[in-house]
Amino acid sequence: MIANRVPSIQVTVTDTNARRIAAWNSANLPIYEPNLVDLVKTARDGVDGKHDPNLFFTTDVDRAIAGADLIFISVNTPTKMTGHGAGRALDLSYVEAATRKIAEVAESNKIVVEKSTVPCRTAESVRDILAANGKPGVHFDVLSNPEFLAEGTAIPDLLYPDRILIGSLSNDEGITAAAALVDLYAQWVPRERIITMNLWSSELAKIAANALLAQRISSINALSAICEATGADISEVSYAAGLDKRIGPYMLKSSVGFGGSCYKKDILNLVYLSESMHLPEVAAYWKSVVDINEWQKDRFAKRIVACLYNTLTSKKVAIFGFAYKKNTGDTRESAAITIVNILVAERAKVAIYDPQVKEEQIWQDLWANSASLNETNECVSICKNAYDACIDAHAVIIVTEWDEFKVGDFSDSEINLPNGVNGHSSDPTSEKMHRGIPGTQPREPQTGLDWSRIAKVMRRPMFVFDGRNIVDAEKLEKLGFRVECIGNARSGSR
Ligand code: UDX
C-alpha cells in the first residue's frame, strides 16, 4: 500500500497479481470482511460527486512506487517450509523482493514502512538492501508500523484502534520520518493513541502481542480439560478470573483451538528467535502454547469418537463452520481442517456447512492436509445450509461460532417428532436426503437455528459437540440432544 503525504492523502494499493487487483476494482472484493465493501466503495468510487476517489488499485507497481511519499510493505510472511528454520522461521522472500523493487524504482526520497509482521531486526536488512541498491542521492527511512487488526472486526479496529505503534531509529532522520507517519494516522486517531518507540521494540511488540493473546487461549483451554475432569465449568472459571482487572475478560473463551494466519506462525517465529539466541527454555515455553492448541483439537476429536461408541465408520456427522472464527471467510489454520481430517480417517461421512467459506476453499484446505485424497473425496460433502447437513446425521459438531448456529427463538416450531424424541425416523436412502427436510418450508435463520427442525431429521441418539460453547445446552437437551461442551462436565456426569 502506498500513501502520499497528508493533507490530501491518496492511497494506491499495488500488487503483481492481476486477478486480485481486478477483484479489488470490482463489486466482488477478494475477501469477506463486515462493512469492508462500503468503506472501499466510498473511497474508491467517490460519493455522489461530493468526494473525489482517493483509493486506487493497480498492477503498475513501478508507477505506484514513483508517485509515493510513504510506502507500506504489506506482503505475506508465511512460515518457511524448507531450508534452515523450516516450520518455524518466517519466509522473508516477499519482503526482500518488495524492498529491492522500491530501491530499483525510487527516484525521490521515500519513507518505507514495515506493515507485514516481521522478525525482530528485519528493518536492518531492509535498510541495508535499500542503501545498497537505491539510486544515488535517493534517501530512504525505514519505520516499523505493525498491524493489530483482527479479522471480522477489521473496520472498527482500523477506525478506532487501541493503539498505533510506530518504531523508528532514534536519530533525527528517524524521528522526522516517524512524525510524518504520526501525522497521517492523526487524521483519524487521537494522538495519545499513537505511540512511537525504538524500531526493534516495535517489531517485537507485534509478535509479543500475538503470543500473549494466544497464550491466554491455550491457558484457558488447558484449564478446560481440568474442568471436564472435575465438574467445574470453564465459562464460570473464566468469568470469575476475568473480573480481576489485572486479568480482564478478553481472549479467555475456551474453544476447540485457535486458528488464523497469525498466532501459530508468530509464536513459532518467537520459538525460532529464542533458539537462535540460545534461549532453549524460552523457546520451550512458547512452543508449549502451540502444543496445547494442537492437543486441544485432538482431545475434542477423540471425545467425539468416544461418545459415538468408538466407531464412526459410515456414520454421518455435520460440521457447522469451517472458518477459523466467525465473521470471516478465512480458513487459515482453522481447527475445522484438523477435525474433519481426523473424522475422515475414522471413515465418517462428513457434511460441512459454513455461511461464508467458498466450497473450493474447503476442498483445497482438506486436500492439502489429507492423508488420502480418495478418502477425503468419498467421505466429505459440502452443504448449502445447516439443515441439509444434519439429515441422517448422528452428530452436529460446531467448530466456528457463527451466530446463526445458536439456538434460535422459533416459537412457532412445534416439537413434533414422528417416533418421539428417541425414535429414529429417517431413512438414509430416502428422497429427503436430496430434497431437504420434508414438510417444512425453507426458512432463513433469524438469530439462530431452528434446532427442533434439526431434531426431526437426525439419527438417535443425537449428539451436539459444541466446540465454541455457543448453544444453550439445556434447550437442546429438552429437544432430545446430548450436548458435549468444551470445559464442562455436563456429559462427564452421565
Ligand atoms: C489476531 C489478533 O487478535 C490481531 O490483533 C492480530 O493483528 C492478528 O491476529 P485474528 O487472528 O484475526 O487476529 O483473530 P482473533 O480474534 O485474535 O482470534 C484468533 C483465534 O483465536 C480464532 O480462531 C478465535 O476463534 C480464537 N479465540 C479467540 C479463542 O479460541 N478464544 C478467545 O477467547 C478468542
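Let me begin at the ligand, where one of its oxygen atoms sits 2.7 Å from an N or O atom in the side chain of Tyr324. Please keep in mind throughout that this is a predicted model. Taken on its own, the ligand has 660 Å² of accessible area, and the protein covers 89% of that.

The shell around the ligand holds 20 residues, of which Phe148, Ser255, Tyr263, Tyr324 and Arg468 come nearest. Sorted by class, that shell has eleven nonpolar, six charged and three polar residues. Which helix gives the most to it? That is helix 8, residues 199-230, which supplies four residues of the shell.

I turn now to the interior of the protein. In general, nonpolar side chains in soluble globular proteins tend to be buried together. Here, the largest nonpolar core has 66 residues, and the members that touch the most others are Phe320, Leu343, Val350, Trp451 and Phe481. Helix 12, covering residues 335-345, provides the largest share of this core, namely seven residues. There is also a second, separate core of 26 residues, with Ile21, Leu36, Phe57 and Ile194 among them.

Let me stay with helix 12 for a moment. Because eight of its eleven residues are buried, helix 12 is largely enclosed by the rest of the structure. The buried ones are Ala335, Ala336, Ile337, Ile339, Val340, Asn341, Leu343 and Val344. If we set aside sequence neighbours within four places, Leu343 is in contact with Ile304, Leu312, Val317, Ile319, Ala348, Val350 and Ile397. Just after the helix, Arg347 adopts a positive phi of about 70 degrees.

A polar atom of the Asn341 side chain lies 3.3 Å from the backbone oxygen of Asn369. Beyond its neighbours within four places in sequence, Asn341 is in contact with Leu366, Asn369, Ser370 and Thr376.

Another asparagine, Asn145, is found in the loop between strand 6 (140-144) and helix 6 (154-159). With a relative accessibility of 1%, Asn145 is likewise counted as buried. Which partners does the side chain of Asn145 reach through polar atoms? One is the side chain of Lys115, joined to that of Asn145 by a polar contact of 3.0 Å; another is the backbone oxygen of Leu165, at 2.9 Å. Again leaving aside neighbours within four places in sequence, the residues in contact with Asn145 are Phe72, Val113, Glu114, Lys115, Ile164, Leu165, Ile166, Leu181 and Tyr185.

Finally, a word on Ala98, which is placed in helix 4, residues 93-105. Once its neighbours within four places in sequence are left out, Ala98 is in contact with Ile73 and Val75.

Note on methods. Residues are numbered from 1 along each chain as its sequence is written. This is a predicted model: local features need pLDDT of at least 70, side-chain atom pairs count only at pLDDT 80 or more; totals for chains, interfaces and linings use all residues. Side-chain values use heavy atoms; hydrogens and water are left out. A nonpolar core is a set of buried Ala, Val, Leu, Ile, Met, Phe, Trp, Tyr and Cys residues joined through side-chain atoms within 4.5 Å. Buried means under 20% relative accessible area, exposed over 50%, partly exposed in between (1.4 Å probe, protein chains only). Helices (H or I, at least four residues) and strands (E, at least two) are DSSP runs, numbered from the N terminus. Contact means heavy atoms within 4.5 Å. A residue is near a molecule or strand if one of its heavy atoms lies within 4 Å of it. A polar contact is a pair of N or O atoms within 3.5 Å; within protein, one must be able to donate a hydrogen and the other to accept it, and residues adjacent in sequence count only if both atoms are side-chain atoms. Accessible areas come from the Shrake-Rupley method with a 1.4 Å probe; for residues, only the protein chains shown count as cover. Ala, Val, Leu, Ile, Met, Phe, Trp, Tyr, Cys and Pro count as nonpolar, Asp, Glu, Lys and Arg as charged, and the others, Gly among them, as polar.
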